[in-house]
Amino acid sequence: MSIEPLVERIEAKTARIGVIGLGYVGLPAGCLFADAGYSVTGIDLKADRVAMINAGQSPIEGDEPGLAELLAAVVERGAFRATTDYQTLASADIVLIVVDTPVDPVSHRPHYDGLRAACRSLAPHLKDGALVIIESTVSPGTAQNVVRPLLEEHGGKRLNQDFFLGVCPERVMPGKLIANLINLSRVCGGSTPETAQAMVKLYRQVVRGELDTTDLITAEVVKTAENAYRDVQIAFANEVAMICEAVGADVWRVRELVNKSPGRQMLLPGAGVGGHCIPKDPWLLASAVTPDIPLQLIPAARYVNDSMPLHMADLIVRALKDADAMRRDTRVAILGYAYLENSDDTRNSPSAVLAERLDALGIGYVIHDPWVQPYQGDVYDIVAGCDAAVFMVKHQAYCGLDLAALRAVLKTPIIVDGRRVFDGAAAEAAGFIYAGVGFGNGKRTGTYPKENQP
Ligand code: SAJ
(Lines give C-alpha, C1' and ligand atoms only; values in the text may rest on other atoms or scores of the structure.)
Protein backbone atom coordinates (compact mmCIF):
# COMPACT_ATOMS: atom_id res chain seq x y z
CA MET A 1 0.00 0.00 0.00
CA SER A 2 1.31 3.44 -0.85
CA ILE A 3 1.48 6.18 1.76
CA GLU A 4 0.61 8.74 -0.91
CA PRO A 5 -3.17 8.87 -0.15
CA LEU A 6 -2.29 9.63 3.47
CA VAL A 7 0.10 12.38 2.41
CA GLU A 8 -2.69 13.96 0.38
CA ARG A 9 -5.01 13.90 3.38
CA ILE A 10 -2.26 15.41 5.55
CA GLU A 11 -1.78 18.24 3.08
CA ALA A 12 -5.55 18.75 2.68
CA LYS A 13 -5.91 18.62 6.48
CA THR A 14 -8.63 16.03 6.08
CA ALA A 15 -6.50 13.42 7.86
CA ARG A 16 -8.04 12.51 11.20
CA ILE A 17 -5.60 12.30 14.09
CA GLY A 18 -5.80 10.18 17.22
CA VAL A 19 -3.64 10.77 20.29
CA ILE A 20 -3.23 7.99 22.86
CA GLY A 21 -2.21 9.42 26.21
CA LEU A 22 -3.39 12.91 27.21
CA GLY A 23 -0.56 13.82 29.54
CA TYR A 24 1.82 16.76 29.49
CA VAL A 25 3.01 15.81 26.00
CA GLY A 26 -0.03 14.19 24.33
CA LEU A 27 -2.54 16.83 25.31
CA PRO A 28 -0.66 19.89 24.00
CA ALA A 29 0.38 17.94 20.89
CA GLY A 30 -3.25 17.06 20.14
CA CYS A 31 -4.38 20.62 20.76
CA LEU A 32 -1.73 22.01 18.41
CA PHE A 33 -2.79 19.68 15.59
CA ALA A 34 -6.43 20.60 16.23
CA ASP A 35 -5.50 24.26 16.15
CA ALA A 36 -3.71 23.65 12.83
CA GLY A 37 -6.99 22.48 11.32
CA TYR A 38 -7.09 18.73 11.92
CA SER A 39 -9.87 16.80 13.61
CA VAL A 40 -8.25 15.25 16.69
CA THR A 41 -9.53 12.60 19.06
CA GLY A 42 -7.64 12.06 22.28
CA ILE A 43 -7.73 8.77 24.16
CA ASP A 44 -7.04 8.44 27.85
CA LEU A 45 -7.79 5.74 30.39
CA LYS A 46 -8.81 8.26 33.05
CA ALA A 47 -12.48 9.12 32.59
CA ASP A 48 -12.19 12.12 34.91
CA ARG A 49 -9.35 13.53 32.84
CA VAL A 50 -11.42 12.95 29.67
CA ALA A 51 -14.40 14.74 31.20
CA MET A 52 -12.27 17.68 32.31
CA ILE A 53 -10.77 18.05 28.83
CA ASN A 54 -14.18 17.85 27.11
CA ALA A 55 -15.28 20.62 29.46
CA GLY A 56 -12.44 22.67 27.98
CA GLN A 57 -10.31 22.56 31.14
CA SER A 58 -6.67 21.55 31.21
CA PRO A 59 -5.72 18.79 33.70
CA ILE A 60 -2.04 19.64 33.36
CA GLU A 61 -0.59 20.99 36.60
CA GLY A 62 1.78 23.91 36.83
CA ASP A 63 2.00 27.06 34.78
CA GLU A 64 1.91 26.15 31.09
CA PRO A 65 1.61 29.36 29.08
CA GLY A 66 -0.95 29.11 26.29
CA LEU A 67 -2.19 25.59 26.98
CA ALA A 68 -5.42 26.31 28.85
CA GLU A 69 -6.56 28.87 26.29
CA LEU A 70 -5.60 26.63 23.36
CA LEU A 71 -7.43 23.64 24.82
CA ALA A 72 -10.58 25.66 25.52
CA ALA A 73 -10.59 27.05 21.98
CA VAL A 74 -10.14 23.75 20.11
CA VAL A 75 -12.69 21.97 22.30
CA GLU A 76 -15.12 24.83 21.79
CA ARG A 77 -14.62 24.56 18.01
CA GLY A 78 -15.17 20.81 18.14
CA ALA A 79 -11.70 20.24 16.66
CA PHE A 80 -10.52 18.28 19.69
CA ARG A 81 -12.44 15.79 21.75
CA ALA A 82 -11.38 13.25 24.32
CA THR A 83 -12.71 9.77 25.03
CA THR A 84 -11.80 6.52 26.73
CA ASP A 85 -13.09 4.54 23.77
CA TYR A 86 -10.43 3.13 21.44
CA GLN A 87 -13.07 2.33 18.81
CA THR A 88 -13.10 6.00 17.89
CA LEU A 89 -9.60 5.45 16.43
CA ALA A 90 -11.08 3.31 13.63
CA SER A 91 -11.38 6.50 11.59
CA ALA A 92 -7.93 7.82 12.48
CA ASP A 93 -5.44 8.15 9.63
CA ILE A 94 -2.66 9.02 12.09
CA VAL A 95 -2.29 7.82 15.68
CA LEU A 96 0.24 9.34 18.07
CA ILE A 97 1.23 7.11 20.98
CA VAL A 98 2.28 9.32 23.88
CA VAL A 99 2.09 7.10 26.95
CA ASP A 100 4.46 7.00 29.90
CA THR A 101 7.47 4.70 29.57
CA PRO A 102 8.87 4.39 33.11
CA VAL A 103 12.03 2.54 34.08
CA ASP A 104 12.20 0.03 36.94
CA PRO A 105 14.05 1.69 39.85
CA VAL A 106 16.00 -1.48 40.62
CA SER A 107 16.56 -3.31 37.32
CA HIS A 108 16.63 -0.07 35.30
CA ARG A 109 14.73 -1.93 32.58
CA PRO A 110 11.80 -0.21 30.81
CA HIS A 111 8.28 -0.90 32.03
CA TYR A 112 6.22 -1.06 28.82
CA ASP A 113 2.90 -2.10 30.33
CA GLY A 114 1.26 1.14 29.23
CA LEU A 115 2.83 1.05 25.76
CA ARG A 116 1.87 -2.59 25.21
CA ALA A 117 -1.69 -1.98 26.42
CA ALA A 118 -2.03 0.98 24.06
CA CYS A 119 -0.83 -1.11 21.11
CA ARG A 120 -3.12 -4.04 21.96
CA SER A 121 -6.11 -1.71 22.29
CA LEU A 122 -5.32 0.21 19.11
CA ALA A 123 -4.48 -2.72 16.82
CA PRO A 124 -7.98 -4.13 16.24
CA HIS A 125 -9.25 -0.69 15.25
CA LEU A 126 -6.25 0.45 13.22
CA LYS A 127 -7.38 1.80 9.87
CA ASP A 128 -5.80 0.42 6.69
CA GLY A 129 -3.00 2.69 5.55
CA ALA A 130 -2.76 4.47 8.90
CA LEU A 131 0.45 5.91 10.28
CA VAL A 132 1.26 5.17 13.93
CA ILE A 133 3.81 7.55 15.47
CA ILE A 134 5.50 6.85 18.81
CA GLU A 135 6.20 10.14 20.60
CA SER A 136 7.00 8.49 23.93
CA THR A 137 10.68 8.15 24.77
CA VAL A 138 11.55 4.49 24.21
CA SER A 139 14.61 2.29 24.28
CA PRO A 140 16.22 1.90 20.84
CA GLY A 141 14.62 -1.09 19.10
CA THR A 142 11.21 -0.69 20.76
CA ALA A 143 9.37 0.37 17.59
CA GLN A 144 10.55 -2.70 15.69
CA ASN A 145 10.58 -5.24 18.51
CA VAL A 146 7.64 -4.21 20.72
CA VAL A 147 5.21 -1.94 18.87
CA ARG A 148 5.41 -3.51 15.40
CA PRO A 149 4.72 -7.11 16.52
CA LEU A 150 1.80 -6.05 18.71
CA LEU A 151 0.16 -4.02 15.95
CA GLU A 152 0.70 -6.83 13.43
CA GLU A 153 -0.44 -9.67 15.69
CA HIS A 154 -3.44 -7.95 17.27
CA GLY A 155 -4.52 -6.17 14.13
CA GLY A 156 -3.81 -8.77 11.46
CA LYS A 157 -1.81 -6.19 9.54
CA ARG A 158 1.72 -6.02 8.11
CA LEU A 159 4.07 -3.14 8.54
CA ASN A 160 4.64 -0.97 5.45
CA GLN A 161 1.84 -2.79 3.63
CA ASP A 162 -1.24 -2.23 5.77
CA PHE A 163 0.10 0.45 8.13
CA PHE A 164 3.18 2.61 8.60
CA LEU A 165 5.23 3.31 11.71
CA GLY A 166 7.12 6.38 12.89
CA VAL A 167 9.13 7.59 15.88
CA CYS A 168 9.04 11.31 16.65
CA PRO A 169 10.38 11.93 20.18
CA GLU A 170 9.18 15.02 22.02
CA ARG A 171 11.51 17.69 23.42
CA VAL A 172 9.22 19.40 25.89
CA MET A 173 10.13 20.87 29.24
CA PRO A 174 7.77 21.66 32.08
CA GLY A 175 6.64 25.27 31.86
CA LYS A 176 7.42 25.45 28.15
CA LEU A 177 5.23 22.70 26.67
CA ILE A 178 3.58 24.71 23.91
CA ALA A 179 6.63 26.83 23.12
CA ASN A 180 8.92 23.81 22.82
CA LEU A 181 6.50 21.77 20.71
CA ILE A 182 6.32 24.68 18.30
CA ASN A 183 9.88 25.92 18.27
CA LEU A 184 12.25 23.01 18.89
CA SER A 185 13.50 20.78 16.09
CA ARG A 186 12.12 17.25 15.85
CA VAL A 187 13.46 13.97 14.49
CA CYS A 188 11.08 12.13 12.14
CA GLY A 189 12.07 8.47 12.06
CA GLY A 190 10.02 6.44 9.59
CA SER A 191 9.58 2.75 8.83
CA THR A 192 10.22 3.77 5.23
CA PRO A 193 11.82 6.92 3.80
CA GLU A 194 8.40 7.88 2.40
CA THR A 195 6.93 7.52 5.89
CA ALA A 196 9.56 9.87 7.31
CA GLN A 197 8.73 12.38 4.57
CA ALA A 198 5.03 12.09 5.36
CA MET A 199 5.85 12.81 9.02
CA VAL A 200 7.67 15.96 8.00
CA LYS A 201 4.56 17.15 6.13
CA LEU A 202 2.46 16.45 9.21
CA TYR A 203 4.73 18.03 11.83
CA ARG A 204 5.42 21.02 9.59
CA GLN A 205 1.82 22.00 10.29
CA VAL A 206 2.73 22.78 13.94
CA VAL A 207 6.54 22.79 14.24
CA ARG A 208 8.65 25.79 13.27
CA GLY A 209 11.91 24.05 14.17
CA GLU A 210 13.91 21.83 11.87
CA LEU A 211 12.38 18.49 10.95
CA ASP A 212 15.05 15.88 10.25
CA THR A 213 14.19 12.59 8.59
CA THR A 214 15.76 9.31 9.55
CA ASP A 215 14.85 5.71 10.35
CA LEU A 216 13.14 4.30 13.43
CA ILE A 217 16.21 3.14 15.35
CA THR A 218 18.12 6.38 14.80
CA ALA A 219 15.21 8.45 16.14
CA GLU A 220 15.06 6.26 19.24
CA VAL A 221 18.81 6.52 19.83
CA VAL A 222 18.84 10.32 19.34
CA LYS A 223 16.26 11.01 22.02
CA THR A 224 17.74 8.74 24.67
CA ALA A 225 21.31 9.72 23.81
CA GLU A 226 20.63 13.48 24.05
CA ASN A 227 19.47 13.05 27.63
CA ALA A 228 22.15 10.52 28.53
CA TYR A 229 24.64 13.06 27.19
CA ARG A 230 23.27 15.69 29.61
CA ASP A 231 23.30 13.23 32.50
CA VAL A 232 26.96 12.37 31.88
CA GLN A 233 27.83 16.07 31.64
CA ILE A 234 26.15 16.77 34.97
CA ALA A 235 27.87 13.75 36.53
CA PHE A 236 31.23 15.09 35.38
CA ALA A 237 30.50 18.41 37.12
CA ASN A 238 29.47 16.54 40.26
CA GLU A 239 32.60 14.39 40.26
CA VAL A 240 34.81 17.46 39.86
CA ALA A 241 32.89 18.99 42.78
CA MET A 242 33.73 15.98 44.95
CA ILE A 243 37.40 16.34 44.01
CA CYS A 244 37.32 20.05 44.81
CA GLU A 245 35.89 19.35 48.25
CA ALA A 246 38.67 16.87 48.91
CA VAL A 247 41.55 19.04 47.69
CA GLY A 248 40.28 22.39 48.96
CA ALA A 249 39.30 24.05 45.68
CA ASP A 250 36.06 25.87 44.92
CA VAL A 251 34.30 24.03 42.06
CA TRP A 252 32.40 27.15 41.04
CA ARG A 253 35.61 29.07 40.43
CA VAL A 254 37.08 25.96 38.76
CA ARG A 255 34.05 25.71 36.46
CA GLU A 256 34.22 29.42 35.61
CA LEU A 257 37.84 29.10 34.55
CA VAL A 258 37.45 25.73 32.81
CA ASN A 259 34.68 27.19 30.67
CA LYS A 260 37.04 29.90 29.47
CA SER A 261 38.91 27.18 27.64
CA PRO A 262 37.60 26.88 24.08
CA GLY A 263 35.07 24.12 23.57
CA ARG A 264 34.46 23.56 27.27
CA GLN A 265 31.01 23.91 28.78
CA MET A 266 31.12 22.30 32.21
CA LEU A 267 27.62 22.11 33.60
CA LEU A 268 26.52 22.86 37.16
CA PRO A 269 27.31 20.51 40.04
CA GLY A 270 24.46 20.17 42.46
CA ALA A 271 22.37 18.31 44.99
CA GLY A 272 21.10 15.75 42.51
CA VAL A 273 19.38 15.14 39.19
CA GLY A 274 15.60 14.89 39.18
CA GLY A 275 12.79 15.30 36.71
CA HIS A 276 10.99 12.96 34.36
CA CYS A 277 13.58 12.68 31.62
CA ILE A 278 17.20 12.79 32.69
CA PRO A 279 17.09 10.09 35.39
CA LYS A 280 15.17 7.73 33.08
CA ASP A 281 16.40 8.17 29.50
CA PRO A 282 20.01 7.02 30.07
CA TRP A 283 18.63 3.69 31.30
CA LEU A 284 16.38 3.44 28.24
CA LEU A 285 19.46 3.93 26.06
CA ALA A 286 21.53 1.46 28.06
CA SER A 287 18.80 -1.18 28.04
CA ALA A 288 18.98 -1.34 24.24
CA VAL A 289 22.08 -3.51 24.48
CA THR A 290 22.56 -6.84 26.19
CA PRO A 291 25.09 -7.14 29.03
CA ASP A 292 27.68 -8.55 26.59
CA ILE A 293 28.24 -4.93 25.65
CA PRO A 294 29.45 -3.74 29.07
CA LEU A 295 28.50 -0.07 29.28
CA GLN A 296 30.68 1.84 31.77
CA LEU A 297 30.06 5.56 31.49
CA ILE A 298 26.26 5.81 31.32
CA PRO A 299 25.56 3.65 34.41
CA ALA A 300 28.39 5.30 36.30
CA ALA A 301 26.99 8.77 35.58
CA ARG A 302 23.63 7.65 36.94
CA TYR A 303 25.40 6.38 40.09
CA VAL A 304 27.23 9.67 40.55
CA ASN A 305 24.12 11.80 40.12
CA ASP A 306 21.94 9.54 42.26
CA SER A 307 24.56 9.81 45.00
CA MET A 308 24.43 13.58 45.28
CA PRO A 309 21.40 13.78 47.63
CA LEU A 310 23.20 11.20 49.79
CA HIS A 311 26.32 13.35 49.65
CA MET A 312 24.20 16.23 50.89
CA ALA A 313 23.26 14.06 53.88
CA ASP A 314 26.99 13.44 54.45
CA LEU A 315 27.66 17.17 54.43
CA ILE A 316 24.78 17.77 56.84
CA VAL A 317 26.06 15.16 59.31
CA ARG A 318 29.61 16.48 59.16
CA ALA A 319 28.48 20.06 59.71
CA LEU A 320 26.25 19.06 62.63
CA LYS A 321 29.14 17.15 64.19
CA ASP A 322 31.48 20.11 63.66
CA ALA A 323 28.95 22.25 65.50
CA ASP A 324 28.44 19.57 68.16
CA ALA A 325 24.76 19.74 67.24
CA MET A 326 23.97 16.05 66.74
CA ARG A 327 21.27 15.62 69.33
CA ARG A 328 18.10 13.57 69.57
CA ASP A 329 16.03 16.66 68.75
CA THR A 330 18.26 17.87 65.91
CA ARG A 331 16.17 19.26 63.07
CA VAL A 332 17.19 20.63 59.67
CA ALA A 333 15.24 22.69 57.12
CA ILE A 334 15.19 21.20 53.61
CA LEU A 335 14.77 24.22 51.33
CA GLY A 336 13.44 23.24 47.92
CA TYR A 337 11.43 20.12 47.08
CA ALA A 338 10.82 20.61 43.33
CA TYR A 339 13.38 18.94 41.07
CA LEU A 340 14.18 22.23 39.31
CA GLU A 341 14.45 25.88 40.27
CA ASN A 342 11.30 28.02 40.00
CA SER A 343 9.17 24.94 39.21
CA ASP A 344 6.44 23.06 41.08
CA ASP A 345 7.42 19.74 39.47
CA THR A 346 8.57 17.24 42.08
CA ARG A 347 9.10 14.18 39.87
CA ASN A 348 12.18 12.24 41.00
CA SER A 349 12.97 15.02 43.42
CA PRO A 350 16.47 14.73 44.93
CA SER A 351 15.00 16.25 48.09
CA ALA A 352 12.80 13.17 48.51
CA VAL A 353 15.95 11.03 48.50
CA LEU A 354 17.57 13.33 51.07
CA ALA A 355 14.50 13.21 53.31
CA GLU A 356 14.53 9.42 53.18
CA ARG A 357 18.21 9.40 54.11
CA LEU A 358 17.66 11.74 57.04
CA ASP A 359 14.84 9.50 58.24
CA ALA A 360 17.25 6.56 58.15
CA LEU A 361 19.81 8.60 60.08
CA GLY A 362 17.22 9.67 62.65
CA ILE A 363 17.69 13.35 61.82
CA GLY A 364 14.52 15.41 61.94
CA TYR A 365 13.63 17.84 59.15
CA VAL A 366 11.06 20.26 57.89
CA ILE A 367 10.52 20.97 54.19
CA HIS A 368 9.93 24.30 52.49
CA ASP A 369 9.25 25.06 48.85
CA PRO A 370 7.57 28.27 47.64
CA TRP A 371 6.30 26.42 44.57
CA VAL A 372 5.08 23.17 46.05
CA GLN A 373 2.01 22.54 48.18
CA PRO A 374 2.06 21.82 51.16
CA TYR A 375 5.56 23.22 51.72
CA GLN A 376 4.88 26.88 51.15
CA GLY A 377 5.18 29.54 53.88
CA ASP A 378 7.63 32.11 55.20
CA VAL A 379 11.15 30.72 54.86
CA TYR A 380 12.41 32.34 58.07
CA ASP A 381 9.48 30.86 60.01
CA ILE A 382 10.24 27.39 58.64
CA VAL A 383 13.97 27.71 59.36
CA ALA A 384 13.42 29.10 62.88
CA GLY A 385 14.78 26.77 65.54
CA CYS A 386 16.47 24.47 63.02
CA ASP A 387 20.06 23.33 63.26
CA ALA A 388 20.79 23.79 59.56
CA ALA A 389 19.37 25.39 56.42
CA VAL A 390 19.85 22.90 53.57
CA PHE A 391 19.46 24.37 50.07
CA MET A 392 18.45 21.67 47.56
CA VAL A 393 16.97 23.91 44.84
CA LYS A 394 18.04 27.35 43.72
CA HIS A 395 14.59 28.90 43.65
CA GLN A 396 14.65 32.63 42.97
CA ALA A 397 12.94 33.08 46.34
CA TYR A 398 16.06 31.79 48.10
CA CYS A 399 18.56 33.92 46.25
CA GLY A 400 17.66 37.06 48.16
CA LEU A 401 17.61 35.59 51.67
CA ASP A 402 19.42 37.67 54.27
CA LEU A 403 22.28 35.79 55.94
CA ALA A 404 21.99 37.81 59.16
CA ALA A 405 18.25 37.13 59.36
CA LEU A 406 18.85 33.42 58.76
CA ARG A 407 21.53 33.38 61.43
CA ALA A 408 19.18 35.09 63.87
CA VAL A 409 16.47 32.43 63.60
CA LEU A 410 18.61 29.29 63.22
CA LYS A 411 19.32 27.39 66.41
CA THR A 412 22.68 26.33 64.97
CA PRO A 413 24.27 28.54 62.26
CA ILE A 414 24.78 25.91 59.56
CA ILE A 415 24.17 26.29 55.82
CA VAL A 416 24.49 23.21 53.61
CA ASP A 417 24.33 24.50 50.07
CA GLY A 418 23.56 22.08 47.24
CA ARG A 419 23.14 24.70 44.52
CA ARG A 420 25.54 27.50 45.42
CA VAL A 421 22.74 29.76 46.58
CA PHE A 422 25.31 31.57 48.72
CA ASP A 423 29.00 32.38 48.38
CA GLY A 424 30.76 30.12 50.87
CA ALA A 425 33.25 32.70 52.06
CA ALA A 426 30.49 35.26 52.61
CA ALA A 427 28.46 32.76 54.61
CA GLU A 428 31.47 31.88 56.77
CA ALA A 429 32.18 35.59 57.27
CA ALA A 430 28.58 35.94 58.47
CA GLY A 431 29.30 33.38 61.17
CA PHE A 432 27.92 30.26 59.52
CA ILE A 433 29.40 26.81 59.31
CA TYR A 434 29.07 26.52 55.54
CA ALA A 435 29.21 23.22 53.67
CA GLY A 436 28.56 23.32 49.96
CA VAL A 437 28.73 20.84 47.09
CA GLY A 438 32.15 21.47 45.61
CA PHE A 439 33.09 24.08 48.21
CA GLY A 440 36.47 22.78 49.16
CA ASN A 441 37.52 24.33 52.41
CA GLY A 442 39.47 21.19 53.23
CA LYS A 443 37.50 20.67 56.41
CA ARG A 444 34.68 18.49 55.22
CA THR A 445 34.40 15.98 52.43
CA GLY A 446 31.68 13.63 51.46
CA THR A 447 31.86 10.06 50.26
CA TYR A 448 29.83 8.10 47.73
CA PRO A 449 27.68 5.62 49.67
CA LYS A 450 28.82 2.13 48.72
CA GLU A 451 25.27 0.77 48.54
CA ASN A 452 24.66 2.96 45.55
CA GLN A 453 27.44 1.41 43.47
CA PRO A 454 26.35 0.59 39.85
N1 SAJ B 1 20.88 19.74 36.79
C2 SAJ B 1 22.12 19.84 37.41
N3 SAJ B 1 23.12 20.48 36.76
C4 SAJ B 1 22.95 21.04 35.53
C5 SAJ B 1 21.68 20.91 34.90
C6 SAJ B 1 20.67 20.26 35.55
O7 SAJ B 1 22.31 19.36 38.52
O8 SAJ B 1 23.88 21.64 35.00
C9 SAJ B 1 19.80 19.03 37.47
C10 SAJ B 1 18.60 19.90 37.74
O11 SAJ B 1 18.70 20.52 39.00
C12 SAJ B 1 17.45 18.89 37.70
C13 SAJ B 1 17.92 17.85 36.70
O14 SAJ B 1 19.33 18.01 36.60
O15 SAJ B 1 17.28 18.29 38.96
C16 SAJ B 1 17.31 17.98 35.31
O17 SAJ B 1 17.45 19.32 34.93
P18 SAJ B 1 17.31 19.77 33.36
O19 SAJ B 1 17.78 21.18 33.30
O20 SAJ B 1 17.94 18.78 32.50
O21 SAJ B 1 15.73 19.84 33.13
P22 SAJ B 1 14.74 18.72 32.62
O23 SAJ B 1 14.77 17.52 33.45
O24 SAJ B 1 13.43 19.41 32.46
O25 SAJ B 1 15.34 18.32 31.21
C26 SAJ B 1 14.70 18.73 30.06
C27 SAJ B 1 15.10 17.77 28.97
N28 SAJ B 1 14.22 17.97 27.88
C29 SAJ B 1 13.63 16.88 27.31
O30 SAJ B 1 13.87 15.75 27.64
C31 SAJ B 1 12.67 17.16 26.23
C32 SAJ B 1 16.53 17.98 28.55
O33 SAJ B 1 16.75 17.28 27.32
C34 SAJ B 1 16.85 19.44 28.32
O35 SAJ B 1 18.24 19.56 28.01
C36 SAJ B 1 16.54 20.21 29.58
O37 SAJ B 1 15.11 20.08 29.80
C38 SAJ B 1 16.91 21.68 29.43
O39 SAJ B 1 17.94 21.94 28.76
O40 SAJ B 1 16.21 22.50 30.03
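**Ground rules.** I number residues from 1 along each chain as its sequence is written, and I leave hydrogens and water out, with heavy atoms used for side-chain values. Since this is a predicted model, local features need pLDDT of at least 70 and side-chain atom pairs count only at pLDDT 80 or more, while totals for chains, interfaces and linings use all residues.

**Entry 1, ligand shell.** I find 19 residues around the ligand, with Val172, Asn227, Arg230, Leu268 and Tyr339 as the closest. I sorted the shell by class: 11 nonpolar, 3 polar and 5 charged residues. In this scheme Ala, Val, Leu, Ile, Met, Phe, Trp, Tyr, Cys and Pro are nonpolar, Asp, Glu, Lys and Arg are charged, and the others, Gly among them, are polar.

I took N or O atom pairs within 3.5 Å as polar contacts. Arg230 places a polar side-chain atom 2.6 Å from a ligand oxygen atom. Leu268 uses a polar backbone atom, 2.8 Å from a nitrogen atom of the ligand. For Gly274, a polar backbone atom is 2.9 Å from an oxygen atom of the ligand. The ligand taken alone exposes 730 Å², and the protein buries 86% of that; areas are Shrake-Rupley with a 1.4 Å probe.

I searched the whole structure and got 6 aromatic pairs. Rings of Phe, Tyr and Trp (its six-membered ring) pair with centres within 6.5 Å; planes under 30 degrees apart are stacked, over 60 edge-to-face, the rest tilted. Phe33 and Tyr38 are edge-to-face, 6.2 Å centre to centre with 80° between the planes. Both Phe33 and Tyr38 are buried (under 20% relative accessible area; exposed is over 50%, partly exposed in between; 1.4 Å probe, protein chains only). Tyr434 and Phe439 are also edge-to-face, at 5.0 Å and 85°. Tyr434 is buried at 1% relative accessible area, and Phe439 is buried at 10%. Phe33 and Tyr38 form one aromatic cluster with Tyr203.

I noted the charged end of Arg347 over the ring of Tyr24, 4.4 Å from the ring centre. The test asks for NZ of Lys or CZ of Arg within 6 Å of the centre and within 35 degrees of the ring normal.

Cys386 is buried, at 0% relative accessibility.

Conventions. Near = heavy atom within 4 Å. Polar contact = N/O pair within 3.5 Å; in protein donor to acceptor, adjacent residues only side chain to side chain.
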